[in-house]
Amino acid sequence: MTHVTESRLHDYLDGLLADSERARIETHMHACAGCRAELDALAQLVSEIGALPSEILPAHDLRSTIARRLEITQVLDAGALVPPASDHEQGARPKTARATGSPTVSRHVLAAAAVVLLVLLSVFTLVVQRSGEEDRGRPILALDDEASLLEFQHAETRYLAAIAELETVLRQGREPLAAETLELLEENLAVLDRAIRETRAALAADTSQVELTRFIMASYAQKLDLLRRAQRFSS
Amino acid sequence: LSTVRRVCASREDDVDLVRCAQGGDTAAFDALYAEHVGRIHALCLRMTGDARAGEELTQDVFVRAWRRLASFRGDSRFSSWLYRVAVNVVQEARRADGRRERRVELMGGSERLPRAARERSPDVRLDLEYAIGLLPPGARLVLILHDIEGFTQAQIAELTGTAIGTVKAQLHRARRLVRRRLEQ
């Protein structure tokens with residue numbers, strides 16, 4: 001019998017061979033010291049790897065960070081003007097609006113969004129000012145600031161990637177948006193961009209105001225929602 | 001609600017804990033975390049080769065698990081479902097951050113995982129962890145899943161979305177590379 005191939009040795013060890021094939025290999029092993037040594041070495045390696053710990057606890061308790069991240073995502077979910085449409089939600093929407101995606105519908109939606117955004121902007125401007133004047137230096141969240149800011153950076157990167165992707169999709173949309181709709185969309189986006197810019201500046205001036213990250217994240221969520229809507233209309 | 005929480009807190013069974021967690025009971029999710037974090041973190045640590053990145057990825061897994069908990073129907077064991085979430089997170093992170101893989105290779109990887117492992121498990125076979133840390137990510141994932149976690153090749157193919165032949169080839173290659181490294 002020819003020597004046992006390496007692949008066959010692995011299969012033998014992993015118990016993947018038929019009985020007849022196993023018997024043939026075992027017979028060969030009795031007569032071939034080389035193959036036997038090879039099998040022993042491989043078996044020892046697999047055994048040593050298998051003895052490595054399958055559980056390694058993290059050096060830090062991650063529960064508080066996970067809880068904070070979940071809290072942030074809940075804020076984002078609640079902060080969106082309209083949650084991202086799921087299949088269920090799309091099914092519940094009036095068929096006419098969904099089927100036509102008419103500029104009239106989109107104009108109304110975007111106009112309503114603009115009003116809400118302006119209110120939002122006013123509120124957050126007040127909060128930014130308030131936090132700057134009255135609460136400066138007092139962390140709003142009793143959390144580890146460095147971890148919060150890292151988490152914020154992480155989430156912001158994801159938002160920016162999603163927004164960039166949607167903007168690309170929008171540019172390549174099958175149907176260009178009506179000029180009036182586009183104008184409203186751009187106005188809304190400008191409001192949001194201004195909100196993000198100003199809040200970021202406030203955060204940069206005082207990184208202890210971790211609460212500001214929520215406003216920024218909420219603004220990103222709004223922007224993403226608007227772009228999603230626009231993308232749906234254009235396609 | 002407090003009654004529900006007391007009931008949930010008294011259950012040690014994953015099925016009950018998952019049901020409670022699906023109902024919004026964070027204490028139940030906390031218990032699930034405590035039970036599974038070791039395995040999830042071990043995978044994330046070995047795949048990133050970096051203590052901090054491993055912890056971040058572990059967080060990602062549990063955040064995603066919580067958010068998708070409603071989609072768990074109990075058709076499989078919760079541990080399998082969670083592991084599937086973990087493998088997805090690990091694979092997405094790999095795709096999103098090719099730089100990390102290059103960095104591990106360029107730095108030889110040895111300074112990263114062994115140090116992290118030493119802190120947690122003094123008796124761990126550092127030379128073996130070192131050699132595993134140097135494997136290409138695809139082969140490393142298959143080796144961890146098969147030889148450490150005990151998944152079958154078919155289960156790994158399903159978990160990773162690859163052909164079973166590819167899984168087998170990666171496993172054999174991984175063992176070959178580890179052995180070669182240890183013999184050097």
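From the N terminus onward, the elements of chain A follow the order α-α-α-α-α-α-α-α-α-α. The model is predicted. Of its 235 residues, 40% are buried. Among the contacts in chain A that link residues at least 6 apart in sequence, 81% join residues at least 24 apart.

Helix 1 of chain A spans residues 6–13, and its buried residues are A:Leu9, A:His10, A:Asp11 and A:Tyr12. These buried residues pack against helix 2 (19–31) and helix 3 (33–50) of chain A, and also against helix 11 (164–183) of chain B. After helix 1 of chain A comes A:Gly15, which has a positive phi near 70°.

Two packed helices are described by the angle between their axes and the distance between the axes. For helix 1 of chain A and helix 11 of chain B, the axes come within 11 Å and cross at roughly 100°. Angles of 65 to 115 degrees count as roughly perpendicular, and the two helices are therefore roughly perpendicular to each other. The contact brings A:Glu6, A:Ser7, A:His10 and A:Asp11 of helix 1 of chain A against B:Lys168, B:His172, B:Arg175 and B:Arg176 of helix 11 of chain B. By class, this contact has five charged, three polar and no nonpolar residues. A:His10 and A:Asp11 are among the buried residues of helix 1 of chain A, and both take part in the contact with helix 11 of chain B.

Within chain B, helix 9 (residues 137–148) and helix 10 (residues 153–160) pack with their axes 10 Å apart, at an angle of about 135°. Helix 9 of chain B and helix 10 of chain B are therefore oblique to each other. Their crossing is right-handed. On the side of helix 9 of chain B, the contact involves B:Leu141, B:Val142, B:Leu145 and B:His146, which meet B:Gln153, B:Ile156, B:Leu159 and B:Thr160 in helix 10 of chain B. The residues of this contact divide into five nonpolar, three polar and no charged.

Elsewhere in chain B, helix 2 covers residues 14–22, and its buried residues are B:Asp14, B:Asp16, B:Leu17, B:Val18, B:Cys20 and B:Ala21. Helix 2 of chain B is followed by B:Gly24, with a positive phi near 100°.

Key. Residues are numbered from 1 along each chain as its sequence is written. Chains are lettered from A and ligands numbered from 1 in the order in which they are written. This is a predicted model: local features need pLDDT of at least 70, side-chain atom pairs count only at pLDDT 80 or more; totals for chains, interfaces and linings use all residues. Side-chain values use heavy atoms; hydrogens and water are left out. Helices (H or I, at least four residues) and strands (E, at least two) are DSSP runs, numbered from the N terminus. Buried means under 20% relative accessible area, exposed over 50%, partly exposed in between (1.4 Å probe, protein chains only). Contact means heavy atoms within 4.5 Å. Axes are lines fitted to C-alpha atoms, for helices over the stretch in contact, and angles run from 0 to 180 degrees between N-to-C directions. Angles under 35 degrees count as roughly parallel, over 145 as roughly antiparallel, 65 to 115 as roughly perpendicular and the rest as oblique. A crossing is left-handed if the near helix is turned anticlockwise from the far one by less than a right angle, and right-handed if clockwise. Ala, Val, Leu, Ile, Met, Phe, Trp, Tyr, Cys and Pro count as nonpolar, Asp, Glu, Lys and Arg as charged, and the others, Gly among them, as polar.
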